[in-house]
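Subject: Structure handover and findings

Dear colleague,

Please find below the sequence and structure that I am handing over to you. My account of what was found follows directly after.

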Amino acid sequence: MNSNLALDSDSDTSYLVDMVLRKMPNLLERLNAAQTLEVELFSQALSRERKNQFLQYVGLIRSDLDLVDYNVKQVLRHNEPVRSRLQPVTTALVDAAPIFAWNFEQKTIGQQGLPISRELLKATGTRAVQEAIRTQDETFQMIDELLALRIDAYISYRNAVSVFAGGILLLLGYLFCGFDMSVRKRMYQLNSLMACVAKGDLQARGRSDANDEMGELTCEINRTLDSLQRMYEEVQQSHATLERWNLELEGKIKERTAALQNLLDYAGQGFLSFGGDLQIDKEYSAECTAIFRREIAGENACALLCPEAEAQQVFVAAVLAKILAENSAALQETYFSLLPEAISLGARYISVTYKVIEGGQQGGSRKIMLILTDRTVQKALEEQMQAERDVLAMIVQVVTHAADFFAAVNQYTLFCREGMAELLRSKKEPADVLADLFRVVHTFKGTFGQLRLRQTMGFLHEMEDRLAAIRTQEGADMEKSELEKNLAGFTPERMLSCLQEDVRVLEDKLGQDFFQRKNVLVIDNERLLELEEKMQAALPPEECGMLLTAIRRLRYKPLQELLQSFPEYTCGLAERHGKAVHSFTVNGGTMMVDPARYYDFVKSMGHVFRNAVMHGLETMEERLESGKDELGVIACSVREEEGGICITVADDGRGMDPKVIRDLALEKGLCSLADVQRLGPEEWLRFIFTDGFSAAEEVDELAGRGVGLAAVRMELEKLGGMVTVRSVLGEGTEFSFFLPYEKAEEAESLSIRDLAKPLLQAAEGLLQEQCGLAVTRIHYLDSASEGNLQLRKVSSFLNVKGGLAGKILLSADEKIVQAGIKARVRTAAEDKLENVLSQYAQQLFRQALEAWPQGPAEVNVEPLLSLLAEDASAKYSHSQTSTWVLETPVGSLSLSLIY
């Protein structure tokens, strides 16, 4: 609007009119519009283009605010009355609007630092709008007052002019009373004109038809009246415009207020507030009524938060009083963390968020706002999703480690049906039986925990609690009958029911086909062991060696494979307990071992990895404070040493203090004062393997029983192994387990065909050394048709058994055998050609084996047949044959292998 007031010498009024008529409506409209965008702003599908539009909107708000601030500062520059009126409200606006703009901008581009919640954005936006309205109202009032003052000044000026003009006219009339009547008549006209003006008639005009001084005076008066008339009309028009705008603004404010109220009522959250008296204010959203199913105005806030716990209401009241009296925002947030985070109303789950509302510029008292959200459905969905995640994790673990799963199921089933009863019937002392039960149950719990079988793990934890209670109540003097009575409730059916629930879930997800694998993975393994025993009992060692090797290769596994589930389990365990571990694998461990021999010890190793996470590693905050990487390091390596295997598990955690171990052992009564004087630091470190020792402050599903490492020690002793512990306080701990190594027999799959080269070398040496015949040529004959072998004059067959299976045929011309006879000291029986060749054949075989170090140890040979025949042949149609011919000056020698 182009107002003549803007050209007035009073610059304060000009800036006020400019601020109100052109700048303030834009700022207020944009602030209100920004609040309506809050729902879209918190949408997850907000596009980049829309975010850019929001940021431009924030820029417009800041630009309008800068213009308003500039105009106000111009007013405040030299006008003390206006400064005293406008400075408080404009200061509040300049403080509130940028906060809202900053929150709006931060939520648009992504939260920086503290989260920008929807409630915070609403609160700061509402305050900015309120301060803008307040500034505009105050400015309107100031403009009205200034305009009224100016109108009064104009009227005073008009009256002064009228009086002055009247005085002049009277003076002129007095001075020129003797003038001509025409002059006096114009004087009378001017007097009448001034009288009309004095009465407020600014439309009155004088006649100015004369060209004398009186006519000029009348024209000047008329021009002055015209100017006054225009100014008056413009002031009236401006006042009318301001009144209209004020009405429109009030209507918009009421409309926006109603819209905000509707938004709060239908936001799906309850908003209520209370002050120091803890009585709920009358103003609260409709959702509060829906949540509590009654009107809550005037009720006590503590009773709402803790409806059934009077003692807790007292505590909550004290905390709320602290918050209302505290000025530090950080301490307020700390106190808020002590208050209930949710309210349970029957089956409904209501989350609670707390905010402090300051009193504002008017000096009002501080209040606390509660934001209530019904999260019953969401919590149920979260629990359902968590259950599904647990099932998926269980499926992944079971499928990935199927062999471990089936083995654990079979062993646990056997323990439930037979093992526990046998342990209770054993001749051990009741305390020893209880300790054994503790170790077995704890190990099973760790194994099923690795496999994520939650039902089974939960039941075993309950069973551990019961065993711990028995140990505490009965003590070391309990009777076997009392122990059996206390454990009577743990029947095989009950102990297996939890496992059956987990298995039913797996069957539903994986189908019955998956569980058919267990016949291969577990049952056939037992049959292999039975078959080994039967073979060793029924066959001589030289005959069953090769079969035993092949069968054992089916059963033996790399030690690394037995340990492969621990890295993933360790990393997952650390993550679930707020710690972080670098991913790792088991280094080494390719040696083949008998799983049945090492299985129990390997499963007990879960306690070592679990302790490394629960007791060894610090939290991420503690690691950063001590200058370490926030991700911890746990390593596992396996190496073969002389006479055994060394498994090392190390961490870079806090380490162990032998003095602390000593004090805990004394406190728990696990050692005497004499032991304190006698034992050194290394011996105290090994004390952690004592049954009942635990450094955990409380018992949970994973630690605190004092039986984990004791179970490791027991399984290690069964194998005849030993453990070494090295620990440096603040740097970490290393466990080294030495196990006797029973190597798997990994004999290669050999054929008698592999014996050909040593046999040919031995035959060539025998002809030269024993018979004095030089070999002139060796050539290979292709396999005869249909397995036919052409025989020479003298032939000898040998049967090979044990690690090699097949037959050897040595066939020679008569002259070669006679040459051998001449070189020997012989009896009459030994002069027979066939006998001589048979002896040579056996000698060849022995020499060939001696020259073949990679050959099997358990190989024997026995003569089958020796004969003299002309033009004979042997047929082996179902066997493979290989034949070599060694030519000499007197004849030939044929060497054939049949396999």
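A search of the whole structure finds zero disulfides, a disulfide being a pair of cysteine sulfur atoms within 2.5 Å. Cys 219 is partly exposed, with a relative accessible area of 24%, whereas Cys 671 counts as buried at 12%.

Please note that this is a predicted model, in which local features need pLDDT of at least 70 and side-chain atom pairs count only at pLDDT 80 or more, while totals for chains, interfaces and linings use all residues. Residues are numbered from 1 along each chain as its sequence is written, and side-chain values use heavy atoms, with hydrogens and water left out.

Salt bridges

Side chains of opposite charge can pair when their charged atoms come close. The structure holds 21 salt bridges, each defined as a side-chain nitrogen of Lys or Arg within 4 Å of a carboxyl oxygen of Asp or Glu. One of them joins the side chains of Lys 367 and Asp 281, at 2.9 Å from N to O. This pair links distant parts of the chain, 86 residues apart: Lys 367 belongs to strand 4 (residues 367-374), and Asp 281 to the loop between strand 1 (269-274) and helix 8 (286-292). Helices (H or I, at least four residues) and strands (E, at least two) are DSSP runs, numbered from the N terminus. Lys 367 is partly exposed because its relative accessibility is 29%, while Asp 281, at 14%, counts as buried.

Arg 366 forms a salt bridge with Glu 358, and their closest N and O atoms are 3.2 Å apart. Here Arg 366 is buried at 17% relative accessibility, and Glu 358 is partly exposed at 48%.

A further salt bridge connects Lys 603 with Asp 404, with 3.5 Å between the closest N and O atoms. It too links distant parts of the chain, since Lys 603 is in helix 23 (residues 595-604) and Asp 404 is in helix 13 (residues 402-425), 199 residues apart. Lys 603 has a relative accessible area of 6% and is therefore buried; Asp 404, with 12%, is buried as well. Elsewhere, salt bridges that share partners join Glu 618, Arg 623, Lys 628 and Asp 652 into one network.

Nonpolar cores

In soluble globular proteins, nonpolar side chains tend to be buried together. A nonpolar core is taken here as a set of buried Ala, Val, Leu, Ile, Met, Phe, Trp, Tyr and Cys residues joined through side-chain atoms within 4.5 Å. The largest has 51 residues, and those with the most contacts inside it are Leu 559, Phe 601, Met 605, Ile 647, Phe 689 and Phe 737. Helix 24 (residues 606-616) supplies the largest share of this core, five residues. A second, separate core of 41 residues includes Ala 407, Phe 448, Leu 506 and Tyr 599.

Contact means heavy atoms within 4.5 Å. Not counting residues up to four places away in sequence, Phe 601 touches Ile 647, Val 712, Glu 715, Leu 716, Leu 719, Phe 737 and Leu 739.

Helices and a buried glutamate

The expected span of a helix is 1.5 Å times one less than its number of residues. Helix 12 (residues 376-400) has 25 residues and should span 36 Å, which agrees with the 36 Å between its end C-alpha atoms. Within helix 12, Ala 393, Met 394, Ile 395, Gln 397 and Val 398 are buried.

Helix 13, with 24 residues, reaches 33 Å from its first C-alpha to its last, close to the 34 Å expected.

Glu 131 lies in helix 5 (residues 118-175) and counts as buried at 9% relative accessibility. Leaving aside neighbours within four places in sequence, Glu 131 is in contact with Val 89, Ala 92, Leu 93 and Ala 96.

Backbone

Arg 293 is not a glycine, yet has a positive phi of about 60°. Arg 293 sits in the loop between helix 8 and helix 9 (301-305) and is exposed at 64% relative accessibility. Arg 452 also has a positive phi, near 65°, and lies in the loop between helix 14 (430-450) and helix 15 (454-474). With a relative accessible area of 18%, Arg 452 is buried.

Yours sincerely

Key: Buried means under 20% relative accessible area, exposed over 50%, partly exposed in between (1.4 Å probe, protein chains only).
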